[in-house]
Amino acid sequence: MREEMGREPVVERGEPLDLLVDGEVIRAYRGETIAGALTAEGRRVFRHAPRTGAPRGVFCGIGVCFECLVTVEGLGRVRSCMVLVQPGMKVSLRAGDAEASGRGSETD
Amino acid sequence: MKQTEVAVLGAGPAGLAAGLAASRAGARVTILDESPYPGGQIYRQPPDAFRVRRPEILGKEYARARQLSRQLAASPVEFLPGTLVWGVEADKTLLLYREGQGAAGLKAEALVVATGAYDRPIAFPGWTLPGVWTAGGAQAMLKSQRILPGRRVLVAGAGPLLLPVAKALVEAGATVVGVVEATTRLEWALQSHRMLGYWDRMRDAVRYEAALLTARVPRFFGHVVVRAEGTERVEQATIAAVDRQWRPKPGTERRFDVDLLCIGYGFLSAMELPRLLGCELVFHAPQDQYLPRHTPEMESSVPGVYVAGETTGIGGADLAQAEGAVAGLAAARRLGHLWGADRQREMAEAQARRRHHLGFARILDELFAMRPGIYELAGPDTPLCRCEEITAAEVQAAVRRGAASVRAVKGETRVGQGPCQGRICNTLVAHLVAHETGHPVVEVLDITPRPPIKPVPLGALAGLVEDKAGAR
């Protein structure tokens, strides 16, 4: 079961719920952070840095560095390591990249 | 607006000890933390939604975390989780932000700042690649989420955190291809006589060492990671032997295939709130950082503002709890709560613990202090400021144009102006500026934070205005 790869069996997770990530359904469990659910799924690249386009993902894991930013419908840009998944949550990793490249074409 | 007597910022070991002690001494206490659960980084626990099947295998830190949580729940202390303190006013009014509830104020009569620490960032080529995590970040993911962030892992840095992180990775099923420590076994041996008497810590170390030996994890002493490589994520990590100044020796490189590189060079104390509160800071050379000056009863230079735990310098959970208890008791006494023989005894006992654990913190401080070579690993193209993507070469160019301090470089390059507000890049930029100008680091370090110290949605500020108006 691919999605269970990164999850340790020493705990019984919360109820399963679906997380929509750029239109793709990802299995997550109540109590997991967005970063946790993405990591368990094998995702490492959460966004691309606006200036160079370099890939970025989780770095500090405790809310200090703001590297793991993702876009959540209704919440905007959030630190994925600090926000717990909710049923029906819609997450986008592409939205931030698109917004950043849009901004880059302005005068800045 | 809400009011309290003692507001404790941070619900780690120091903050919990402070809040519980102040409450026992009769004070009305509110503890605030950004995270949804008490415990802080060290006593981080799985979320309530998880059921822990076998608590014993989660170790003694988990047991301690549960114990503190239970004490908190059984006490009259008010706990505000998921609360960001983004500013503070001179009359000790805290400016709060809670997701979904907007901004609010909390007026306190005394404050205990126990906002902890985070992994000390060290820049090297490839350190921004996905899959390069801080050791503390990997530990948090394992401890709280019980999710394994990699299968083939190299753990590298300097200091006592590397061993428990490597052990936790092994236990979660990862192959740890090496634990790379910058100091040498000889340097450890030369300090070992000073560690006698700290039996708990020695026992922990022996347990970690034994677990790594059993798992046949290769150990490299006197080595550092010099670069990480990969296209979209880390694929290889290269280490090299270093001299006494931690400068790599040519011809000693070794390369590992990895999908996770954990970096841990000790910690930086979070200084945003002490700075914002106007606490007088003094440079603490072994930690390369300005830290708040405080009395033996943990009061900072600002009357009624106490500091405890990693806020006063890196010292671990035992020292944090002792300092927290001292600070909480002192705050309650200051507010005029009854100070009988039992409180006096409690204070004396906490002070004795504080002095004992401080001794061990000093040993680790010296043994694992950063050395100059570690700040020279970044190449010209290596970003120092991850938020604004400012490279070492751009910082160098700014210095050559005359920017002789972090503040000046910030003005020239946008370094430290992204959402992390310089938490990650400050010391890195300071060391490069110091290197380029020949000035000591203590003279070029700077950056006074202005609220909000972490980004807050603008709409939330409107709510605060209403909250404060309603209070008048």
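**Ground rules**

I number residues from 1 along each chain as its sequence is written, and chains are lettered from A, with ligands numbered from 1, in the order in which they are written. The model is predicted, so local features need pLDDT of at least 70 and side-chain atom pairs count only at pLDDT 80 or more, while totals for chains, interfaces and linings use all residues.

**Entry 1**

I looked up the contacts between the chains first. I call two residues in contact if their C-beta atoms, placed from the backbone, lie within 7 Å. By that rule, 41 residues of chain B meet 35 residues of chain A. Which elements of chain B give two or more residues to this side? They are strand 4 (51–52), strand 10 (117–119), strand 11 (132–134) and helix 3 (135–145). Helix 3 of chain B gives the most, with 6 residues. Helices (H or I, at least four residues) and strands (E, at least two) are DSSP runs, numbered from the N terminus.

I then sorted the chain B side by residue type. There are 22 nonpolar, 7 polar and 12 charged residues. Here Ala, Val, Leu, Ile, Met, Phe, Trp, Tyr, Cys and Pro count as nonpolar, Asp, Glu, Lys and Arg as charged, and the others, Gly among them, as polar.

Strand 1 (residues 11–12) of chain A and strand 4 of chain B run antiparallel, joined by 2 bridges. Two strands pair if DSSP finds at least two bridges between them. Glu12(A) has Arg51(B) as its bridge partner.

**Entry 2: helix 3 of chain B**

Is helix 3 of chain B mostly covered or uncovered? It is mostly covered, with 11 of its 11 residues buried. A residue is buried if 20 or more other C-beta atoms lie within 10 Å of its own, exposed if 12 or fewer, and partly exposed in between; C-beta atoms are placed from the backbone. The buried set includes Lys143(B) and Gln145(B). I traced what these buried residues pack against. In chain A, the partner is helix 1 (34–40). In chain B, the partners are strand 10, strand 11, strand 12 (152–157), helix 4 (162–171) and strand 18 (260–264). Just after the helix, Arg146(B) takes a positive phi of about 55°.

**Entry 3: Pro47(B)**

I placed Pro47(B) in the loop between strand 3 (29–32) and strand 4 of chain B. Pro47(B) counts as buried because 20 other C-beta atoms lie within 10 Å. Leaving out residues up to four places away in sequence, Pro47(B) touches Gly31(A), Tyr37(B) and Ser144(B). Ser144(B) is one of the buried residues of helix 3. I also checked Pro47(B) against Gly87(B): they are 40 residues apart in sequence and 28 Å apart in space, C-alpha to C-alpha.

**Entry 4: sheets of chain B**

I followed one open sheet of 5 strands, with order 11-18-12-13-14 and parallel pairing. Its edge strands are strand 11 and strand 14 (219–221), each pairing on one side only. Neighbouring strands are turned by 20° against each other on average, direction ignored. Strand 11 pairs with strand 18 over 3 bridges, and Trp133(B) stands opposite Cys262(B). Helix 4 packs on this sheet, touching strand 12, strand 13 (175–181) and strand 18. The helix direction makes about 175° with that of strand 13. Axes are lines fitted to C-alpha atoms, for helices over the stretch in contact, and angles run from 0 to 180 degrees between N-to-C directions.

Another open sheet has 4 strands in the order 1-8-7-6, with mixed pairing. Strand 7 (residues 93–98) and strand 8 (residues 102–107) run antiparallel over 6 bridges. Tyr97(B) stands opposite Ala103(B) there.

**Entry 5: cores and domains**

The largest nonpolar core has 109 residues. Such a core is a set of buried Ala, Val, Leu, Ile, Met, Phe, Trp, Tyr and Cys residues joined through C-beta atoms within 7 Å. Leu261(B) is one of the members that touch the most others. A second, separate core of 62 residues includes Ala18(B) and Leu111(B).

I read chain B as domain 1 (2–118 + 268–366), domain 2 (123–264) and domain 3 (372–439); these bounds come from an automatic or database domain assignment. The C-alpha centres of domains 1 and 2 lie 29 Å apart. Between them, 9 residues of domain 1 contact 11 residues of domain 2.
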